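Trainee: I have a new model open and want to work through it. Where do we begin?

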2 protein chains.
Amino acid sequence: MTATGTSFELIATDGEARRGRLTTAHGDINTPAFMPVGTAGTVKAMMPEDVAATGAEIILGNTYHLMLRPTAERVAKLGGLHRFMNWPKPILTDSGGYQVFSLSKRRTISEEGVIFQSHIDGAKIELTPERSIEIQNFLGSNITMVLDECTEWPITEKDARKSMELSMRWAARCKEAFEARPGYGLFGIVQGSMYRELRHESAAKLIETGFDGYAVGGLAIGESQDVMFEVLDYTVPSLPQERPHYLMGVGKPGDIVGAVQRGIDMFDCVIPTRSGRTGQAFVRGGSLNLRNAKHTEDGRPLDAACTCRVCTNYSRAYLHHLIKAGEMLAGMLLTLHNLHYYQALMSGMRNAIESGMLNNFVATFDSEQENGAVVSETI
Amino acid sequence: MTATGTSFELIATDGEARRGRLTTAHGDINTPAFMPVGTAGTVKAMMPEDVAATGAEIILGNTYHLMLRPTAERVAKLGGLHRFMNWPKPILTDSGGYQVFSLSKRRTISEEGVIFQSHIDGAKIELTPERSIEIQNFLGSNITMVLDECTEWPITEKDARKSMELSMRWAARCKEAFEARPGYGLFGIVQGSMYRELRHESAAKLIETGFDGYAVGGLAIGESQDVMFEVLDYTVPSLPQERPHYLMGVGKPGDIVGAVQRGIDMFDCVIPTRSGRTGQAFVRGGSLNLRNAKHTEDGRPLDAACTCRVCTNYSRAYLHHLIKAGEMLAGMLLTLHNLHYYQALMSGMRNAIESGMLNNFVATFDSEQENGAVVSETI
């Protein structure tokens with residue numbers, strides 16, 4: 001393996017779970033870590049200083065969105081993404097691949113890369129491994145992700161193999177194109193869908209190429225939590241233990257807890273932010289749907305034990321009122337609370353791992369989910 | 001005149017302009033003061049602590065909106081408006097009259113009051129002087145406004161007189177219904193449209209009844225700035241000098257500066273907040289329309305001399321990007337900047353009055369408006 005651009009220190013382990021610290025040019029990230037998603041150069045509905053105040057030490061930026069608007073070249077001209085969006089802490093950028101496959105129109109995949117139509121103006125755009133690395137470099141990303149093909153589920157093993165092998169060739173080209181420098185890292189992405197052998201082959205190929213961190217891709221695409229955990233059970237042990245493990249696009253609180261138990265160090269997901277904008281609040285034992293009329297006169301905070309600015313200052317009745325009145329503050333406050341909830345969950349797990357008490361932590365979490373006074377309210 | 005619920009101290013004068021301090025149960029307000037509008041229990045797109053950080057010492061709540069949703073009784077049950085919306089500083093509430101006349105459907109005015117249909121659900125609702133006072137009491141308002149009839153412009157003198165006389169009878173009924181207590185005041189509203197004699201009669205009637213403060217109503221309804229200033233020129237001198245003077249619903253920066261010169265102490269207006277949500281930023285010498293493509297690559301702050309969190313951290317290019325991407329943060333940041341601009345303007349005038357330099361301040365303001373590098377960009 002090559003010298004790392006980012007460095008990773010393992011501080012403690014508890015079973016398969018790990019307590020670590022990832023060091024980048026813009027600061028350290030304590031792991032297990034949750035990365036709020038800053039799609040288009042903003043964590044939606046949040047001031048960046050408020051994102052940091054929830055405990056977030058790193059956010060994710062979306063290459064696909066930023067390459068289309070305002071364009072990576074423009075961000076570079078304006079001083080890079082950290083400065084552009086006023087987020088001085090570490091940033092991880094995805095490769096653009098996932099959104100090309102989920103948002104764009106008329107995709108054509110070849111060995112060279114993918115040609116797609118912008119969902120904004122229909123412009124024809126090419127994204128190759130080399131171009132993805134170039135864009136992420138323009139953005140100034142601390143952690144660059146390799147371009148991979150995102151498969152759907154279900155998929156045959158044959159198709160999954162073909163796709164995985166293409167992604168591994170793209171990963172090697174990304175490594176070639178990436179300019180290593182201190183504090184800036186490149187992560188590979190294990191693919192292979194729900195097939196054990198493919199996952200192992202993929203991991204082996206990535207390790208041969210050598211990356212600063214290893215992500216598990218191709219999950220959270222509709223499979224059950226059991227299947228996701230099974231894939232992690234056989235995939236994570238095949239990753240280098242001295243490098244960070246990142247589970248992309250995950251997930252609900254219970255997904256994250258289970259993945260930490262299986263040796264995952266990093267997560268990103270739009271759930272806390274998107275849910276906040278649609279009226280859902282995560283609380284111990286489940287979630288609340290603040291659109292529900294039952295909250296109309298409820299003077300209680302979202303979660304009496306939560307220490308966030310929302311729970312210490314506002315009632316469920318007020319949040320319900322804001323939603324009914326169509327006020328932006330509803331999304332702002334619920335996003336803030338949800339991000340605080342996620343960061344408190346990660347902080348709780350980090351402490352539990354350090355003291356060898358993760359099983360207790362998880363038992364409490366599970367019993368709250370199963371028996372908690374709060375029933376999950378779907379939206 | 002009766003004993004005051006709120007107290008007002010005149011600290012300095014400079015020509016007709018006054019530097020004062022209004023004391024309420026929830027704190028002091030340094031005047032001249034600008035009150036951001038918190039329509040439905042939130043200053044739109046703002047965390048309340050961020051509103052306070054701009055320098056705002058009082059906000060305005062809209063009785064009409066709050067009586068319809070979540071209802072005044074519910075706000076009272078939840079601890080009053082200060083607690084409901086997490087704004088511990090003073091609150092002034094309007095009477096509901098203005099929005100009844102501008103937003104509701106099928107109004108019927110009688111001596112008793114006004115019956116209207118809610119713009120939300122069509123419900124038939126009665127608002128009388130007594131009910132308006134009761135609602136504002138439920139909300140816990142520090143400064144309660146009398147219910148008045150809002151006339152349109154132009155209007156004949158005969159119709160303006162009829163309306164003014166009704167408003168004066170309603171004002172007396174409001175005074176009767178208002179329960180005086182320390183730190184909570186009731187303000188009368190001078191009406192009479194653009195007719196000098198009516199304004200003087202209205203002021204005299206209000207003084208006879210006796211209020212803690214005197215507002216000038218019925219302006220900012222489409223008349224020119226010259227006409228507005230003319231009305232102030234003959235109306236403000238007829239108000240008690242030892243009580244605060246409040247110009248309702250005003251206005252643009254230049255309107256406020258001219259009104260302060262004419263002895264007005266308090267202002268409220270949706271312009272800084274509403275403009276912020278539609279992409280307009282107030283800056284020295286004019287305003288910027290951040291929707292304009294010319295800002296696409298402009299790395300400069302909105303106003304290089306502004307000390308707000310927006311100007312110290314973000315470029316015009318970033319704000320333009322947020323607007324194009326439809327991001328909530330655009331409205332959040334521009335509202336924050338605009339409120340800071342308004343509060344800095346008020347603070348500048350307070351300092352100028354204290355040092356007898358208001359004319360200099362206004363000359364600089366005017367020359368920036370006329371010759372500034374920044375041309376006003378309409379939206």
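Trainee: This is a predicted model. By what turn can chain A be laid on chain B?
Mentor: The superposition gives an RMSD of 0.0 Å, with a shift of 0.0 Å along the axis. The two copies are thus related as by a two-fold rotation axis. The turn is 180°.

Trainee: Which residue of chain A comes closest to the rotation axis?
Mentor: Go by C-alpha position. The distance to the axis is 3.9 Å, and the residue is Met328(A).

Trainee: Through what surface do the copies meet?
Mentor: Compare the interface residues of the two chains. Of those in chain A, 100% are also interface residues in chain B, so the copies meet through the same surface.

Trainee: Which element gives the largest share of the side of domain 1 of chain A that touches domain 2 of chain A?
Mentor: The assignment puts domain 1 at 7-268 and domain 2 at 275-367 in chain A. Their contact takes 24 residues from domain 1 of chain A and 22 residues from domain 2 of chain A. On the domain 1 side, β1, β2, β4, α1 and α10 of chain A each supply at least two residues. The largest share is five residues, from α10(A).

Trainee: What span does helix α7 of chain B reach, from its first C-alpha to its last?
Mentor: The helix covers residues 157-177, which is 21 residues. At 1.5 Å a residue, the expected value is 30 Å. The helix comes close to that, reaching 30 Å.

Trainee: What covers the buried residues of α7(B)?
Mentor: Those buried residues include Met164(B), Trp170(B) and Cys174(B). Their cover includes α6, β11 and α8 of chain B.

Terms used: Residues numbered from 1 in each chain as written. Chains lettered and ligands numbered in written order. Predicted model: local features only at pLDDT ≥ 70, side-chain atom pairs only at ≥ 80, totals over all residues. Helix = DSSP H or I, 4+ residues; strand = E, 2+ residues; numbered from the N terminus. Expected span 1.5 Å × (residues − 1). Buried ≥ 20, exposed ≤ 12 C-beta atoms within 10 Å, placed from the backbone. Contact = placed C-beta atoms within 7 Å. Least-squares fit on C-alpha atoms with pLDDT ≥ 70 in both. Domains from an automatic or database assignment.
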